[in-house]
Protein chains: 2
Amino acid sequence: MVETETAMTPKKTYAVGVDMGATTIKSCVVDLNGKILDQLTVDTKASKGPEIVVQQIMVTVQELFTKHKPAECLGIGIGAPGVVNVNTGTVLYPPNFADWTEVALEQVIRKTFPLPVSIENDANCAALAEAKHGAGSDVKDFIFVIWGTGVGGGIILDREIYRGPFGGAGEIGHVSIDYNGPLCNCGNRGCIEAYIGQRYLSARTKEILESEAHEGVRSKIQELVEGNLVRIEPTTISMAAQQGDRTAIEILEEAGDLLGCTLASVINVLDIRTVVVGGGISAAPKFVFDAIHKGVASRVLKPHRLAIRILRATLGNSAGMIGAASLVM
Amino acid sequence: MVETETAMTPKKTYAVGVDMGATTIKSCVVDLNGKILDQLTVDTKASKGPEIVVQQIMVTVQELFTKHKPAECLGIGIGAPGVVNVNTGTVLYPPNFADWTEVALEQVIRKTFPLPVSIENDANCAALAEAKHGAGSDVKDFIFVIWGTGVGGGIILDREIYRGPFGGAGEIGHVSIDYNGPLCNCGNRGCIEAYIGQRYLSARTKEILESEAHEGVRSKIQELVEGNLVRIEPTTISMAAQQGDRTAIEILEEAGDLLGCTLASVINVLDIRTVVVGGGISAAPKFVFDAIHKGVASRVLKPHRLAIRILRATLGNSAGMIGAASLVM
C-alpha cells in the first residue's frame, strides 16, 4: 500500500500512465514535459477475467512506485479499450477481455493508491498524447486516426478531447464510404475499417495475389511470407512496398486513398484541416501519407481544401500510455 | 437614416432577422421569445449585383423600423448563403448572386444602422433558430439537416453553433456514402446531396418512371405533372406519396434510408444522437422520418444506437430569419 505524505506537500514531478491493451499492459512514469522516465510491460492475462487484469495493473503501478516517490506523483491515468464512462470511471465491455462486463476501475485503483485517478478510451489517450507532446502539439484542433488492427480515432478540439454528449465520439473507423460495401464487424457496410483494418487489408491482399489477373506475377509479399498467404500482415505489405514491390505499393496507395475519402467527409462536417495518423501505419513509407493527402484534397469541399495537412504521429506505441498520464496533468 | 436615442437607454424588446436568399430577402422583427411580430419579403435582385442586393436589405430593414422603434432593437442579424467569415462579417461567393465576390456586409449595414450587426451562414441560422425556439429547444446538442434544393446542415453543441476552427463546419450534404457514386456538383462522388438534393431526386424519379421496369405502371407523379416529367419536384413526389402512390413512397423511403446512412457515419464521429430535419422535406409524411430513423438505427454503432431521435423541424421557412435575429440576442 502507498502512503501519502501529510506534512509538507512535496512538489509533483510526474504522472503514471497505464495503457491497458488486450495482450499487454504498458505502464510508465512521465514527467511534466511528456518524457518517459521509466516504463514496464506485463502480460494483461485478459482471458483470466477482470480481477486478475486489475491485479496486473496494480502490480505494474506498485513496481513503478518502488523507484518513484508516490508523494511526488500527480496521479494515475489509464487508457482502456472499449467504452469508457469518463464520469463514473467505469470500463464497459472491452473487446477480447473475458468476463468483463462493467468495472468501476477508477474507484478500484483509487482504493489502493490514494491519488487522483482518471480513465479514458485508449484512442482518445493516444490523440491527447499527440496533442500535448507529439505531432499535433502546434495545432489547436486535429482529427486523430489510429490505423492498426482496427481503425480508431479521436477528435482534438482546442487542445482537449472532444467526447460528444455521450462520451463515444471519434469513431472515424466506422464512417462508411460505401453503403453497399463489405460487411464490417460493427454490423454496418462499407466502414473504412472494413477496407483497411489489419484483418481486411490482409485478406484483400491475399485475394489480389490469388486472383487471375495476378497469375504469373511474383510479389515480394509472397516471398516474405514464404508462400503462406494467411500469414500476410500490414507490416508485410509495408515491408514489400519499401522494397519497391508494385503490388504492395498499389494496395497501400489504394488504402491511403480510401482513408482520404473517409477523412474528406469528416473534414466537411468538422472543418478541422489537420489530421494526425498513428498506429502501426505511422511507420509506413511517405507515399502512403501522400496517398491519404491526395485522397482528401481531391474530394473535400473547395474552401476546406486549403491547408489540409496529414501528419505522421510521432509517439508510436507509447502514445497510449503518455496520453493516459496526461489525463492527470 | 436611423438615430439612436442617447438620453435614457430604452428597454431592448426585439431583434431584426434577415434571411438573404437567392430569390427573396425575408426580414422580420422577432421578440425575445423568438416570436415573429412583423415580417416582409422583397425580391433579392441577385442578378443585379451586390450593391442592389445590399440596397434591398436596407430597404426592408428601414421599412421594419418605421413600425418598430430602432432604439428598442437589440441589433440586426443576417443569414447568408455561401461562405461567411463570422469574424470579419464578410460574405464570400454566395451561389447564384451575380458579381458577388467578397462583401463586408456587416460593416456596410452598420454604417446605415448604428446597431450591433451579426452575419452567419444561413443553414447555421436555421439550426440556431431550431435550437433556441424550435424542435431542438429541449436538447443541448443536435445535428441539423436542411433538406431542400441542396442538403445543408449545422451542428449545435451546447446550444451554440459549432463552426469549426475555420468557420465552415456542418456540411452534412457533402458526406459521401459511396466513393464510386454519382458525381456531386462539389466535385466529389456519392455525396448525399447527389442522391437526395432537389435536382438529383427529381432526375432520379424521372429515370425510374421512364425505366423499363416501370412500363405499364401508372404513377400519380405522372398525373401531377401532366405527363411532363421534367416538371417533377420533391413536393410533387411528396404529394403523390401522400395520395398513396407506391413509386413515390418507395423513392422517398429510399431517400430517407440514404440520409440515415449518412447520419449514421456523422453520429459515429460526433456521438450526438438527436437530429433535426428541416427544409422542404420537413413537411413530408411521417414515413420519411421513420425511414431516416431506421436508416440510422440499422447502421450506427451499438452504443450510439440508444436514444437516436429524428425530429421534424418546427419553424419551417421562417427558421433562417428567426435564427438570424437570434444571433444578436
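**View 1. The contact between chain A and chain B.** This contact takes 35 residues from chain B and 35 residues from chain A, where two residues are in contact if their C-beta atoms, placed from the backbone, lie within 7 Å. Do keep in mind that this is a predicted model, in which local features need pLDDT of at least 70, side-chain atom pairs count only at pLDDT 80 or more, and totals for chains, interfaces and linings use all residues. Residues are numbered from 1 along each chain as its sequence is written, while chains are lettered from A and ligands numbered from 1 in the order in which they are written. On the side of chain B that touches chain A, α8 (246–270) and α10 (302–305) of chain B each supply at least two residues; helices (H or I, at least four residues) and strands (E, at least two) are DSSP runs, numbered from the N terminus. With eight residues, α8(B) gives the most to this side. By class, this side of chain B has 18 nonpolar, 10 polar and seven charged residues. Here Ala, Val, Leu, Ile, Met, Phe, Trp, Tyr, Cys and Pro count as nonpolar, Asp, Glu, Lys and Arg as charged, and the others, Gly among them, as polar.

**View 2. The axis that relates the two chains.** Chain B is superposed on chain A by a rotation of 180 degrees with 0.0 Å of shift along its axis (RMSD 0.0 Å), fitted by least squares on the C-alpha atoms of residues with pLDDT of at least 70 in both copies. That is the relation of a two-fold axis. Look for B:Asp178: its C-alpha is the one in chain B nearest the axis, 2.0 Å from it. Both copies use the same surface, as 100% of the contact residues of chain B recur in chain A.

**View 3. Where the two domains of chain A meet.** Chain A is divided into domain 1 (14–129 + 319–326) and domain 2 (136–313), with bounds from an automatic or database domain assignment. Nine residues of domain 1 of chain A are in contact with 13 residues of domain 2 of chain A. The elements giving two or more residues to the domain 1 side are β5 (83–85) and α3 (122–133) of chain A, and α3(A) provides the largest share, five residues. That side of domain 1 has seven nonpolar, two polar and no charged residues.

**View 4. Around B:Ile143 in the core.** Of the 204 residues in the largest nonpolar core, A:Ile143 and B:Ile143 touch the most other members. Such a core is a set of buried Ala, Val, Leu, Ile, Met, Phe, Trp, Tyr and Cys residues joined through C-beta atoms within 7 Å; a residue is buried if 20 or more other C-beta atoms lie within 10 Å of its own, exposed if 12 or fewer, and partly exposed in between. Among the residues that B:Ile143 touches are B:Ile155, B:Ile172, B:Leu263 and B:Val266.

**View 5. Strand β2 of chain B and its partners.** Six of the eight residues of β2(B) (residues 24–31) are buried, so this strand is largely enclosed by the rest of the structure. Seven bridges join β1(B) (residues 14–20) to β2(B) in an antiparallel arrangement; two strands pair if DSSP finds at least two bridges between them. B:Cys28 in β2(B) is the bridge partner of B:Gly17, and B:Cys28 also stands opposite B:Gln39 in β3(B). The hairpin of β2(B) and β3(B) has four residues between the strands, and B:Gly34 in the turn has a positive phi of about 85 degrees.

Terms used. Lists of a residue's contacts leave out its neighbours within four places in sequence.
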